[in-house]
Amino acid sequence: MLLPIIIFWLSASLLPSCFAAPSVSLISNSLLDPDGIFFVSFDGVVNVNSFQLSAVLTHTDYQYAAWYTSSGTVVLARRLLPAGGWSTLQLPHKLSTSDSHNVIVLGVSPADDKIHVAMDCHSSTMFYTSSEAGLATNGASWVASRFGAITTTLGTLNIGTTITYPQFVVTPDNLLQFVYRTGVSGNGATQLAEYNDGVWTNVGSWASASGTYTSPNGVTSSARNLYIHGFTYRLNRLHVTGTWREQAGGVSCSSGGLTNHDTTYFYSDDKGRTWHNSAGTSVGTSVSSPMNVNTAGIIVDQLDADHGLMNQESQVVDSSGQIHAIISYVPGRFTQCVTNYEVDRIAHGFAFHLYRSSNGTFTKFEIPFPINAVGRSQIVLDSEDNAYVVLPFVRIVTASKSSGWTDWTLAFDGVAAGLNAFGEVTVDRARVISSGVLSVLYQVTSTGTTPSAVQLIDFGLNG
């Protein structure tokens with residue numbers, strides 16, 4: 001069963017003049033490293049990817065960032081907010097391969113204020129370390145010796161050797177969770193672990209590769225993986241949107257397309273143990289009955305695998321507990337068959353704001369600015385639930401809640417500003433919540449393997 005969805009496309013010039021989209025104010029642009037490692041693989045760079053939770057992270061009075069420097073060595077940085085100078089340290093680990101999936105992510109466990117670092121994996125062994133207790137808040141000297149040995153387990157928990165997309169998430173009761181995929185693209189399971197009393201334990205798989213998908217062209221696929229747009233808590237509820245990627249390439253109209261299809265939504269009220277669809281129906285239990293492609297009532301926007309639908313964009317939850325996600329693809333008015341997703345997304349791709357109302361229906365609105373890129377966008381909300389979407393190249397478009405998120409306006413143009421940012425960015429979601437400041441991590445574009453600057457640009461949100 002598909003949920004009701006309302007689709008809008010309006011020119012900004014047709015919207016009532018009484019609405020006023022929010023603006024942003026440039027606060028600062030900090031150079032983190034003049035020589036970050038640079039190479040392009042899978043249309044991305046390893047220092048900045050949309051799926052990093054988090055490459056830049058605020059916890060209490062400090063902001064943290066992570067990247068690989070030109071030698072491939074892992075760098076962690078810290079500054080005292082709002083405008084302190086950056087201190088850096090280098091961990092004894094170097095990037096193992098030139099793969100943009102092999103990002104670094106940071107998390108903080110609030111119970112003991114340890115900083116956790118996961119890194120350097122793509123369907124491979126993951127590397128992990130954590131700091132001594134208290135380092136996230138006590139301002140002790142910022143030196144590598146305060147971190148433990150780098151291991152290939154999550155603490156003492158063995159999570160296997162085919163890990164991708166590590167993410168750290170804090171629960172409403174201040175536990176730290178770890179979200180990741182096992183297996184490979186098109187045949188993988190989404191997993192969850194939890195840190196409590198200083199120990200990582202397994203929660204288990206909550207979305208599996210099982211089931212059968214039949215595309216509109218009649219081709220069937222018997223394996224896949226769920227790509228998530230986020231794993232977001234608010235008001236004691238965990239929200240997840242995502243898209244399925246099929247193993248069978250024939251489900252797409254062209255071998256040059258992507259086998260991603262449909263947007264799903266489900267939630268959990270017990271920190272990822274049991275799951276419900278938007279209608280409130282129980283649809284899954286981690287480990288014993290994980291969700292799959294045939295799970296009823298989880299598709300909230302139906303789209304076949306012919307439009308270059310991107311995986312792993314972004315999501316956020318508003319103050320009333322409703323999910324907002326960004327998805328992007330090539331609309332049907334340009335083609336009904338994407339034959340080269342890289343070319344076609346650059347030429348004709350658009351981002352869409354997909355959000356849930358309290359009655360359970362989803363609304364999809366095309367943001368009237370082309371993405372001009374292969375890559376993904378980031379959405380955040382301010383304290384009044386106004387929306388800010390950072391498109392590739394640090395172009396920020398905004399819409400007001402009062403307009404029903406329809407008055408999309410270009411608030412900052414990183415291209416016109418000469419930032420020369422490479423495509424995708426990642427953002428500090430915790431800082432938006434704590435202080436209304438949007439910190440955007442980006443890397444300056446380069447050629448070949450010539451290192452380039454890693455930057456953090458801060459904006460005030462003027463809702």
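A pocket is here an open set of points on a 1 Å grid over the protein atoms alone, with protein on both sides within 12 Å along at least five of seven lines. In this predicted model, the largest pocket by that criterion holds about 1,100 Å³ of space. Its lining comprises 47 residues, and those lying nearest the centre of the pocket are Val170, Tyr233, Arg429, Ala430 and Ile433. Two or more lining residues come from each of the strands β3 (56-59), β7, β10 (163-170), β17 (232-234), β23 (314-317), β27 (378-381) and β31 (426-427), and likewise from the helix α3 (429-435). The greatest contribution to the lining of the largest pocket is that of α3, which supplies five residues. When the lining of the largest pocket is divided by class, 22 residues are nonpolar, 20 are polar and five are charged.

The second largest pocket contains about 360 Å³ of space. Its lining is made up of 22 residues, and Phe42, His101, Arg245, Tyr341 and Arg376 are those that lie nearest its centre. By class, the lining of the second largest pocket consists of eight nonpolar, nine polar and five charged residues.

The largest nonpolar core has 24 residues, within which Tyr68, Leu76, Leu91, Ile115, Val117, Trp142 and Phe147 have the most contacts. Two or more residues of this core are given by each of β4 (62-68), β5 (73-80), β6 (87-94), β7, β8 and α1 (135-138). Of these elements, β4 gives the most to the core, with four residues.

Strand β8 (residues 114-119) is joined to β9 by four bridges, and the two strands run antiparallel. Within this pairing, Ala118 has Tyr128 of β9 as its bridge partner.

Definitions and conventions. Residues numbered from 1 in each chain as written. Predicted model: local features only at pLDDT ≥ 70, side-chain atom pairs only at ≥ 80, totals over all residues. Heavy atoms only, no water. Pairing = 2+ DSSP bridges. 1 Å grid on protein atoms, 1.4 Å probe; cavity = no way out; pocket = protein on both sides within 12 Å on 5 of 7 lines; lining within 4 Å. Points joined across faces, edges and corners; volume = space filled by probe spheres on them. Nonpolar A, V, L, I, M, F, W, Y, C, P; charged D, E, K, R; others polar. Core = buried A, V, L, I, M, F, W, Y, C linked by side-chain atoms within 4.5 Å. Buried < 20%, exposed > 50% of the residue type's maximum accessible area, 1.4 Å probe, protein only.
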